[in-house]
Amino acid sequence: MSQYSIENQQLRFTFDTDGGLMCTSIYHKTGEKEWLRSECPPFVLKIQGTSHPANEFLVKKSQLVSDSRDQCLIFELQSREWDLRVRLSVMRKEENLVFLLQAGALWEEGPEEVYLHIPLFRKFIETGNWSLSANPRGKPDGTPAIETHEEFPLPICHIEETGKGIMMELPDDPEFTGTWNQNRNRQLLQMTDTEDFLDHELLLRLQNRELADVLELDFSALTKGYKKHFSDSKDMSVNRWICPLMTEKN
């Protein structure tokens, strides 16, 4: 088996391990639309100036685990060149599909600087527009028109004029406190320029063989646009994103 899929009522992710791990589809089910223009590796690690996409890693294990309520797709990867391991887990959790990336390494002569890039964003359909957490609405020169509260980060969204889109929440705190993690979500949340966001390289310092959380993206689908999604929600807690914690900038 080389193809693996996981889905909820809104989205379906499909991966292929034939020749290396690739994400072949992110399907918006309610919009009946493929959101990826072409397949691509789900992540790229740059070490000593050389990029190593996910499909260059050895796929040590691929499995879909589930019970009566939850489901999780797990890929265990190992670098062909370095003593470095990566685990990609895609979990069905409530209305989200959670994309969790973990990594760990053992270096012979001290830690190497490792940079993480998620190329999926560049492959999203060209008809959508980006709304960044730190810059949901830009001025004509691209600078933020509003100031957001750091303790209540907005989601990052990619939305068409029809209102169909994909929303990504980036939790800034580890779910299991006390565990070693290198969550780099905050770096993506602070970006205000779309090109910087799409070209991001997040610095990791992997100094331990044990796996550490390095990035979590909680994907969900938008069907009526950004504001309408929250104003129609029965869960009033979502209003923490559109509450008076955003103020106009001069």
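User: In which strand is Asn96 found?

Analyst: This is a predicted model. In it, Asn96 is found in strand β10, residues 96-105.

User: Why is Asn96 called buried?

Analyst: Its relative accessible area is 16%. Buried means under 20%. Asn96 has 16%, so it counts as buried.

User: Which residues is Asn96 in contact with, leaving aside its neighbours within four places in sequence?

Analyst: Asn96 is in contact with Asn8, Met91, Glu169, Asp218, Phe219 and Ser220.

User: Where is Glu216, and what makes it buried or exposed?

Analyst: Glu216 is in strand β17, residues 212-222. Its relative accessible area is 15%. The cut-off for buried is under 20%, so Glu216 is buried.

User: What is Glu216 in contact with, beyond its neighbours within four places in sequence?

Analyst: The partners of Glu216 are Val98, Phe99, Leu100, Glu169, Leu170, Pro171 and Asn185. Take Pro171: 45 residues separate it from Glu216 along the chain, and the two C-alpha atoms are 6.8 Å apart.

User: How many aromatic pairs does a search of the whole structure find?

Analyst: The search finds 12 aromatic pairs. One of them is formed by Phe13 and Phe219.

User: Why is the pair of Phe13 and Phe219 called edge-to-face?

Analyst: The ring centres of Phe13 and Phe219 are 5.1 Å apart, with 65 degrees between the planes. Rings pair if their centres lie within 6.5 Å, and planes over 60 degrees apart count as edge-to-face.

User: Which parts of the chain does the pair of Phe13 and Phe219 link?

Analyst: The pair links distant parts, 206 residues apart. Phe13 is in strand β2, residues 11-16, and Phe219 is in strand β17. Both Phe13 and Phe219 are buried. Ring pairs also link these two with Tyr4, Phe15, Phe75 and Phe99 into a cluster.

User: What makes Phe43 and Phe57 an aromatic pair, and of which kind?

Analyst: Their ring centres are 5.6 Å apart, and their planes are at 70 degrees. The limits are within 6.5 Å for a pair and over 60 degrees for edge-to-face. Phe43 and Phe57 therefore form an edge-to-face pair.

User: Which parts does the pair of Phe43 and Phe57 tie together?

Analyst: Phe43 lies in the loop between β4 and β5, and Phe57 in the loop between β6 and β7. The pair therefore ties together parts that are 14 residues apart in sequence. Phe43 and Phe57 are both buried.

User: How many disulfides does the structure hold?

Analyst: It holds 0 disulfides.

User: How do you know whether Cys23 and Cys40 are buried or exposed?

Analyst: Relative accessibility is 1% for Cys23 and 3% for Cys40. Buried means under 20%. Cys23 therefore counts as buried, and so does Cys40.

User: What is the order of the 4 strands in the open sheet?

Analyst: The order is β6-β5-β11-β16, with antiparallel pairing.

User: What makes β6 and β16 the edge strands?

Analyst: Each of them pairs on one side only.

User: How do you know that β5 and β11 pair?

Analyst: 4 bridges join β5 to β11. A pair needs at least two, so β5 and β11 count as paired. Among the bridge partners are Val44 and His117, the latter in β11.

Note on methods:
Residues numbered from 1 in each chain as written. Predicted model: local features only at pLDDT ≥ 70, side-chain atom pairs only at ≥ 80, totals over all residues. Heavy atoms only, no water. Helix = DSSP H or I, 4+ residues; strand = E, 2+ residues; numbered from the N terminus. Buried < 20%, exposed > 50% of the residue type's maximum accessible area, 1.4 Å probe, protein only. Contact = heavy atoms within 4.5 Å. Phe/Tyr/Trp six-rings, centres within 6.5 Å; stacked < 30°, edge-to-face > 60°. Disulfide = S-S within 2.5 Å.
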